[in-house]
Amino acid sequence: GRSRSHSPSPSDEPKTTTIATMPADSRDRVAEVMAEEQTKQMMIMAAYGVGFAICLRLLAQIATVLFLAAFPMIYLHAIQTCPNESTFDAKKELKRVMRGENLSENDPNKPKGFWEKTMARAKATVGTELATSLGYEVSFMNFGGAFIVACVRVQSLESDCYWVGVHGGWKYIMSRTIPMEEQKAD
């Protein structure tokens, strides 16, 4: 046996037909089939959109019902655990802030070791006594008995410090410098 090499002839190549080379009636049929497929896809997408809208509305209604059911219970709990204004000790809370208790663990200003903590405690005690000896003003804002915001204005430090009374205790929020206009008024 000899092997023959066979080169493909033009008649052996697969025939590809494009829409341009099709007869007109076949082109119309292909366009019709394509239009039907596009219509089906559009209908499916519309069905998905309607289904998504229905699910979204259902979730919104469920969330509303849960909120309306849970809000009174949360509010009652907040009222029961809200600390009394008389439990707020401005000097003690200022001392905690000056010691750095409110700072996060990775804050570089937070005292780390025993000596740093001891020095911070001593500086906070002296600083608080000096700052408050010249006078300070405490004001409270009660929000429906659910929580209380306390503001301590220390003129010698030229700052206002804020705490929120909630869940049986006082949590430090922030300090801000007293604006010049307010300093002159006092």
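Buried means under 20% relative accessible area, exposed over 50%, and partly exposed in between, with a 1.4 Å probe and protein chains only. Helices (H or I, at least four residues) and strands (E, at least two) are DSSP runs numbered from the N terminus. The model is predicted: local features need pLDDT of at least 70, side-chain atom pairs count only at pLDDT 80 or more, and totals for chains, interfaces and linings use all residues. Residues are numbered from 1 along each chain as its sequence is written, and side-chain values use heavy atoms, with hydrogens and water left out.

**Exercise 1. State how many helices and strands the protein has, and give their order.**

Solution. Step one: the protein contains four helices and four strands. Step two: along the sequence they follow the pattern α-α-α-β-β-β-β-α.

**Exercise 2. Describe strand S2 and its partners.**

Solution. Step one: S2 covers residues 147–154, and seven of its eight residues are buried. Step two: two strands pair if DSSP finds at least two bridges between them. Strand S1 (residues 136–143) runs antiparallel to S2 and is joined to S2 by eight bridges. Within this pairing, Val-138 has Val-152 in S2 as its bridge partner. Step three: on S2 and strand S3 (residues 159–166), seven bridges are found, again in the antiparallel sense. Here Val-154 stands opposite Ser-159 in S3.

**Exercise 3. Find the residue with a positive phi in each hairpin.**

Solution. Step one: the hairpin of S1 and S2 has three residues between the strands, and Gly-144 has a positive phi near 65°. Step two: the hairpin of S2 and S3 has four residues between the strands, and Glu-158 has a positive phi near 55°.

**Exercise 4. Classify the ring pairs Phe-67 with Phe-71 and Trp-163 with Tyr-172.**

Solution. Step one: rings of Phe, Tyr and Trp (its six-membered ring) pair if their centres lie within 6.5 Å; planes under 30 degrees apart count as stacked, over 60 as edge-to-face and the rest as tilted. By this rule there are nine aromatic pairs. Step two: Phe-67 and Phe-71 are 5.5 Å apart centre to centre with 35° between the planes, a tilted pair. They are four residues apart in helix H1 (residues 24–81), so about one helical turn separates them. Phe-67 is exposed at 52% relative accessibility, while Phe-71 is partly exposed at 43%. Step three: Trp-163 and Tyr-172 make an edge-to-face pair, 5.6 Å centre to centre and 70° between the planes. Trp-163 is buried, with a relative accessible area of 0%, whereas Tyr-172 is partly exposed at 23%.
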